[in-house]
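Morning, everyone. Please look at the sequence and the model on the screen while I talk.

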Amino acid sequence: EAKSMLAEAKSRSGRTLAHTSPFTEKVVRDGTTLYRARFSGFDEADEAQGACRALKRSGFNCFATRS
């Protein structure tokens, strides 16, 4: 499901995510396994923030963080 979400986000974003790398991250919380959908490869923090704003306008939840 996370991989499908990444593909959908990338297809809706146009050039915003064109040069990024999508990946998933497994997280276990309270015995439940979740998968975070993430993008990496932004040159600057403001690029990540801008991509996040664009994703939110497209209906995705998003927050930018340093890895």
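Which residue does a disulfide join to Cys52? The partner is Cys62, with an S to S distance of 2.2 Å. A word on the term: a disulfide here is a pair of cysteine sulfur atoms within 2.5 Å. The structure holds 1 disulfide.

Ground rules before I go on. This is a predicted model: local features need pLDDT of at least 70, side-chain atom pairs count only at pLDDT 80 or more, and totals for chains, interfaces and linings use all residues. Residues are numbered from 1 along each chain as its sequence is written, and side-chain values use heavy atoms, with hydrogens and water left out.

Back to the link. The angle about the S-S bond is -135°, and the link of Cys52 and Cys62 is left-handed. Cys52 sits in helix H2, residues 45-57, while Cys62 is in the segment after H2, so the pair ties together parts that are 10 residues apart in sequence.

How covered are the two ends? I call a residue buried under 20% relative accessible area, exposed over 50%, and partly exposed in between, using a 1.4 Å probe and protein chains only. Cys52 is buried, at 3% relative accessibility. Cys62 is partly exposed, at 21%.

Now the whole chain. The protein has 2 helices and 2 strands. From the N terminus, the order is α-β-β-α. Helices are DSSP runs of H or I with at least four residues, strands are runs of E with at least two, and both are numbered from the N terminus.

What about overall size? The radius of gyration is 12 Å, close to the 11 Å that the globule rule gives for 67 residues, so the protein is as compact as a globular protein of that length. That radius is taken over C-alpha atoms, and the rule is 2.2 Å times the number of residues to the power 0.38. Along the principal axes, the C-alpha atoms fill a box of roughly 35 × 25 × 20 Å.

Burial next. Of the 67 residues, 21% count as buried. The accessible surface is about 5,300 Å², and 45% of that surface belongs to carbon and sulfur atoms. Those areas come from Shrake-Rupley with a 1.4 Å probe; for residues, only the protein chains shown count as cover.

Contact means heavy atoms within 4.5 Å. Take contacts between residues at least 6 apart in sequence: 31% of them join residues at least 24 apart.

Start with Gly14, in the loop between helix H1 (2-13) and strand E1 (21-29). Gly14 is partly exposed, at 46% relative accessibility. Gly14 and Ala54 are 40 residues apart in sequence, yet 9.9 Å apart in space, C-alpha to C-alpha.

Then Lys26, in strand E1. Lys26 is exposed, at 56% relative accessibility. Leave aside neighbours within four places in sequence, and Lys26 is in contact with Thr33, Leu34 and Tyr35. Lys26 and Ala37 are 11 residues apart in sequence and 9.3 Å apart in space, C-alpha to C-alpha.

Last, Asp30. Where is Asp30 placed? Asp30 is in the loop between E1 and strand E2 (32-40). Most residues other than glycine have a negative phi. Asp30 is not a glycine, but has a positive phi of about 55°. Asp30 is also exposed, with a relative accessible area of 78%.

That is my tour. Over to you.
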